[in-house]
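Please look over the sequence and the model below before reading on.

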Amino acid sequence: MNTVFKKIVAKTYKPVLEKYLSKKRIYRYGDIRLEVPPEVFSPWFFFRVTQLLLQSILRLPLKHKQFAELGAGSGLIAILAAKEGADVWATDINPVALQYLQSNSSKIKLN
């Protein structure tokens with residue numbers, strides 16, 4: 001049964017996913033707009049979990065607090081924390097992620 005399921009998924013979803021992942025995408029959360037290249041993990045993959053995490057962060061008193069995000073990927077979490085007044089440090093092992101994190105964060109108006 002698992003073999004049949006894997007073949008169906010490979011034939012139907014894999015081509016769609018590969019096409020989706022082959023180009024830069026825009027991801028929005030509120031007034032945050034991120035460019036996410038194919039080399040960087042997108043918040044879209046775990047949309048529901050990302051939403052829950054972001055909602056939890058918004059409930060924290062972040063003003064003048066230190067906030068670190070390791071494995072920042074697109075940087076959405078770090079950028080949201082910075083918008084809420086936190087002093088943020090974000091990093092990733094992926095140099096492309098770091099490049100886009102810097103570019104995306106420079107376009108965000110902080111509170």
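Predicted model: local features only at pLDDT ≥ 70, side-chain atom pairs only at ≥ 80, totals over all residues.

Residues are numbered from 1 along each chain as its sequence is written, and side-chain values use heavy atoms, with hydrogens and water left out.

Side chains of opposite charge can pair when their charged atoms come close. A salt bridge here is a side-chain nitrogen of Lys or Arg within 4 Å of a carboxyl oxygen of Asp or Glu. The structure holds 3 salt bridges. In one of them, glutamate 35 pairs with lysine 24, with 3.5 Å between the closest N and O atoms. Glutamate 35 belongs to strand 2 (residues 32–36), and lysine 24 to the loop between helix 1 (2–21) and strand 1 (25–29), so that this pair links distant parts of the chain, 11 residues apart. Helices (H or I, at least four residues) and strands (E, at least two) are DSSP runs, numbered from the N terminus.

How accessible are the two partners? Glutamate 35 is buried, at 19% relative accessible area, whereas lysine 24 is partly exposed at 43%. Buried means under 20% relative accessible area, exposed over 50%, and partly exposed in between (1.4 Å probe, protein chains only).

Another salt bridge joins aspartate 31 to lysine 83, and the closest N and O atoms are 3.2 Å apart. Aspartate 31 sits in the loop between strand 1 and strand 2, and lysine 83 in helix 3 (residues 76–83), 52 residues apart. Aspartate 31 is exposed, at 60% relative accessibility; lysine 83 is buried, at 9%.

Glutamate 35 also meets lysine 107 in a salt bridge, at 4.0 Å from N to O. Lysine 107 lies in the segment after helix 4 (95–106) and glutamate 35 in strand 2, so the pair ties together parts 72 residues apart in sequence. Through shared partners, Lys24, Glu35 and Lys107 form one salt-bridge network.

The nonpolar core comes next. Such a core is a set of buried Ala, Val, Leu, Ile, Met, Phe, Trp, Tyr and Cys residues joined through side-chain atoms within 4.5 Å. The largest one has 20 residues, of which Ile32, Phe67 and Leu76 touch the most other members. Strand 1, strand 2, helix 2 (47–58), helix 3 and helix 4 each give two or more residues to this core, and helix 3 supplies the largest share, 5 residues. Leaving aside neighbours within four places in sequence, leucine 76 is in contact (heavy atoms within 4.5 Å) with Tyr27, Tyr29, Ile32, Leu34, Pro43, Thr50 and Leu54.
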